[in-house]
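I put the model on screen before writing.

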Amino acid sequence: MAAGDGALTAAMVRMVDTLVVDYDPVELTQELVDTTVDLLPADAAGLLLADGHGELQVFASTSEETRLLELLQVESAAGPCLQAYRTGEQVLVEDLERGVQRWPAFAERAALEGIRGVCALPLRLRDDRIGALNLFTTRAGALGPDDVRIGQALADFATIGIVHARILADSLMVNDQLSVALNSRVVIEQAKGMLAERAQLDMDAAFGVLRKYARDTNQRLADVSRALVDREIDLETILGHRIRK
């Protein structure tokens, strides 16, 4: 069932805030995947974004398992998400068990994660395709037409923000910005790993701790991660913040 107007409005406001305060591809794409799972009957979401060379990169996901599922598609160059990006068209797979022959490696891995349905939505503005937002469900046929429309609207909204940022800024600078964002994802993964190892957390829980600290202290997730990796913030400060809060 589609989200209510109030929840959708609140989600739009959060995304506008992400764009207005300071354009950060990492924050914007993470907000997008989190919002779609909050609003729609999707169990997980991931997002692929093309870098300055047109190569797709995993920019955001709602879980470590989803990130690995997206990574598999990029590395195998096959899957519904890549198809949505390449064609600029929505790819709806209500039941992967019936579509296993289209992307066997992806379908096999998805089945291991309990995924039955996929909805891949292109991030596009006219002829410009910049990536894909991907919704995963553990039930076949869980997403209805209204859900897909809302998901595409959210994807379009984020796309406009990213594309307009490219127009307003020097294109070379934006490409550099995307490269920085990609590097930020690497640093975030390192910081997650450090927290997970120290506190015996899984990667999703470690990401939650890291993100909460960044938000509560009004810092960018990437900046906190880099400070942690560079030992400018110690692990106990962030883990202690989780307990105090």
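The model is predicted, with local features needing pLDDT of at least 70 and side-chain atom pairs counting only at pLDDT 80 or more, while totals for chains, interfaces and linings use all residues. Residues are numbered from 1 along each chain as its sequence is written, and side-chain values use heavy atoms, with hydrogens and water left out.

I then checked the pairing, taking two strands as paired if DSSP finds at least two bridges between them. Strand β1 (residues 44-50) runs antiparallel to β2, and five bridges join them. Within this pair I found G46 opposite S61 of β2.

Next I asked how many residues of β2 are buried (under 20% relative accessible area, with exposed over 50% and partly exposed in between; 1.4 Å probe, protein chains only). Strand β2 (residues 56-61) has five of its six residues buried and is thus mostly covered.

I turned to β4 (residues 117-125), which is also mostly covered, with seven of its nine residues buried. Three bridges join β4 to strand β3 (residues 91-93) in an antiparallel arrangement. I noted V118 in β4 as the bridge partner of V93.

Strand β5 (residues 128-137) pairs with β4 over nine bridges, again antiparallel. R129 in β5 stands opposite R124. My last entry concerns the hairpin of β4 and β5, which has two residues between the strands. I recorded a positive phi of about 55° for R126 in that turn.

Technical notes:
Helix = DSSP H or I, 4+ residues; strand = E, 2+ residues; numbered from the N terminus.
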